[in-house]
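Keep the sequence and the 3D view open while reading.

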Amino acid sequence: MSRSIDQEAPVEAQAGTEEIVVKRGRFAWLRDVFRMSGEKSEPRVGLVILGFSALFLAITGRLVYLGVAPNEQVGLRRATSNAISAARPDIVDRNGEVMATDIRTVSVFAEPRRILDKDEATELLTAVLPDLDAKDLRDKLGTKKGFVWVKREITPRQQAEVHRLGIPGIGFVPENKRVYPNGTAAAHVLGFANIDNVGIAGIEKYIDSQGLQDLNGAGLATEASDLKPVKLSIDLRVQHLLRDELSKGLERFKAIAAAGAIMDVNTGEVIALVSLPDFDPGNPVDALEKDRINRMNVGVYEMGSTFKALTIAMALDSGKANINSSYSTAGGMMRFGRQVIKEYHGTGRTLTVPEVFLHSSNMGSIKMALAVGVEGHKAFLKKMMQLDRMTTELPESAAPIVPQRWGEINTATIAFGHGLAVAPLQALSAVAALVNGGYLMKPTFLKRSEEEARQVATRVIKPETSEAMRFIMRLNGEKGSARKADVAGYFVGGKTGTAEKVINGRYAKNKNFTTFTAIAPSDKPKYLFLAIYDEPKGYAESGGYSTAAWNAGVTTGRVIERAGPILGLNPRFDPPPSPFPLMARLGAWGSR
């Protein structure tokens, strides 16, 4: 028995060996993959390459799909990003009072592809947003676009009502909305921003020109708090009272328009600027109407007798006249060929330089200008920035209307404020140079110090000439046509200007453009005031006259009275002991 058993054992062992060999053959490929020998590495490398290639193709395909396929979420994210990025810096007045700022609001958008019933959606949305145009909305929802606006800048209540509708494909985008908390105050200075928060006019447009849109595009200015506030030279308190007085005057004198400004003569800062009629920057639907232009910057006018201050300063500074020079006005008229120029209030006698100013003598002004000469006259006015477009931070400005051919007759008429039309603000800057010691500087709407202003200023007349101009302006405040603005305690000086308007190429006798320029205090001026009326009418107290003293002069006096304490002008009820020492030494007419 034992032998037979021994003979069968090798057979069983052989069968087991064969089974093991078969199993090993089945997993030989997997063993080869992980075998580290060089000749067996090719299958392993191929498998890895195949896996990475498949992953790369999957990622590439997805990116291509996202790039070319209409994707509502991508469109939504893009629109949301654009809306949020359009932030603007606050605009504040010189004392830090907010004049323009951003608030967060929301807008309603639609994804037309996700809206199943366009008609029902239109009906529901117009029910809660009744100012929507149903046809226009239905057309928008009927497109195959991935994103369309339904309504911009809705209220929180409207947002809640739209949300309750539960319409698939309707959502909300957060946005920045520009608001102007003071209504119409400083409208022409601020300008306004459109619904996309892009500056369209005024300081708002200036801000964009300084690189704001580039910051927005780079995503570096998504909140107003990211940006430094823009500090204006405007004093909001004075701005309000100037507008108030001009509004009252517009009604009282039945003028078609009014304007005014207050400037710091030592810095060139515009403290207040008004042009009426104006608009609300927060709802500028009528801002582009032609009667709502900024008359201080964009309008150009013949400034009338206020220009005589420039003529006298030119004659004194050139040495062609001195404070004691005199001019005959006998006959009351001058002839240039067929042109006859008359005195408005002729005296028929010889006048000194201060008297020429006091009596607003056309003849005296003409003789001073002709003594300087045509070329000298042109050169002086160019130096005083009256023959070229004046630029400020406000992008809106107008070029002066200058005679194409400038001869003696042009010098004669321009000498007393006719024949050259300029923007009132540039005339104001010239007068500021006449009284601040002789420094001409461009007006600015941004706050700056006197030291900063002097760095960009140009001396245009001698200090002695400046004292003479302050002296004769004060005389006119005491004894002449500027008495309407001579507020007690403020030592006011000034000059009226009445020019007949040019209608269809001819001067209209019954339509005036009136101006009044005043300084305070005259011995050491700090502020320059200007008021303008377009076509004012006479009234009972004026005896029917519509000349500047009776309207622009009256308004300027009231502005000085109200603005003086706010601006830090302390009333002095005793005159300064020696306000014009040089004039006293020279024995100028009126100095005793």
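In this predicted model, residues L310, A313 and M314 of helix α11 touch G376, H377, F380 and L381 of helix α14. By class, that contact is made up of five nonpolar residues, two polar residues and no charged ones.

**Helix α11 with helix α14**

- Helix α11 covers residues 308–318, and its axis comes within 11 Å of the axis of α14.
- The two axes cross at roughly 115 degrees, and α11 and α14 are therefore roughly perpendicular to each other.
- The crossing of α11 and α14 is right-handed.
- Helix α14 itself runs over residues 374–383.

**Helix α11 with helix α18**

- Helix α11 also packs against helix α18, which spans residues 463–479.
- The angle between α11 and α18 is about 140 degrees, and their axes are 10 Å apart.
- This crossing, of α11 and α18, is right-handed.
- On the α11 side, the contact is made by A309, I312, A313, L316 and D317.
- On the α18 side, the contact is made by T465, A468, M469 and I472.
- Sorted by class, the contact of α11 with α18 has seven nonpolar residues, one polar residue and one charged residue.
- A313 is named in the contact with α14, and A313 is also named in the contact with α18.

**Helix α5 with helix α7**

- Helix α5 consists of residues 118–128 and helix α7 of residues 156–165.
- Their axes come within 10 Å and cross at roughly 155 degrees.
- That angle makes α5 roughly antiparallel to α7.
- Helix α5 passes α7 in a right-handed crossing.
- Residues L124, L125 and V128 of α5 meet E161, V162 and L165 of α7.
- The contact of α5 with α7 has five nonpolar residues, no polar ones and one charged residue.

**Cavities**

- How many cavities of 30 Å³ or more does the structure hold? There are five cavities of that volume.
- The largest cavity has a volume of about 60 Å³.
- Its lining includes M303, T306, F307 and L310.
- P424, A427, L428 and V431 are also among the lining residues of the largest cavity, as are T517 and L530.
- The lining of the largest cavity divides into eight nonpolar residues, two polar residues and no charged ones.
- L310 lines the largest cavity, and L310 of α11 also takes part in the contact with α14.

**Cis peptide bonds**

- L276 and P277 are joined by a cis peptide bond, with omega at about 0 degrees.
- P277 lies in the loop between strand β9 (270–276) and strand β10 (301–302).
- A520 and P521 are also joined by a cis peptide bond, with omega at about -15 degrees.
- P521 lies in the loop between strand β19 (506–520) and strand β20 (527–534).

**Positive phi angles**

- E153 is not a glycine, yet its phi is positive, at about 55 degrees.
- E153 is part of strand β3, which covers residues 148–154.
- M385, a residue other than glycine, has a positive phi near 65 degrees.
- M385 sits in the loop between α14 (374–383) and α15 (408–415).

Key
Residues are numbered from 1 along each chain as its sequence is written. This is a predicted model: local features need pLDDT of at least 70, side-chain atom pairs count only at pLDDT 80 or more; totals for chains, interfaces and linings use all residues. Side-chain values use heavy atoms; hydrogens and water are left out. On a 1 Å grid over the protein atoms alone, a cavity is a set of points where a 1.4 Å probe fits but cannot get out, and a pocket is an open set with protein on both sides within 12 Å along at least five of seven lines; lining residues have an atom within 4 Å of a point. Grid points are joined across faces, edges and corners, and a volume is the space filled by probe spheres set on the points. Ala, Val, Leu, Ile, Met, Phe, Trp, Tyr, Cys and Pro count as nonpolar, Asp, Glu, Lys and Arg as charged, and the others, Gly among them, as polar. Axes are lines fitted to C-alpha atoms, for helices over the stretch in contact, and angles run from 0 to 180 degrees between N-to-C directions. Helices (H or I, at least four residues) and strands (E, at least two) are DSSP runs, numbered from the N terminus. Angles under 35 degrees count as roughly parallel, over 145 as roughly antiparallel, 65 to 115 as roughly perpendicular and the rest as oblique. A crossing is left-handed if the near helix is turned anticlockwise from the far one by less than a right angle, and right-handed if clockwise. Contact means heavy atoms within 4.5 Å.
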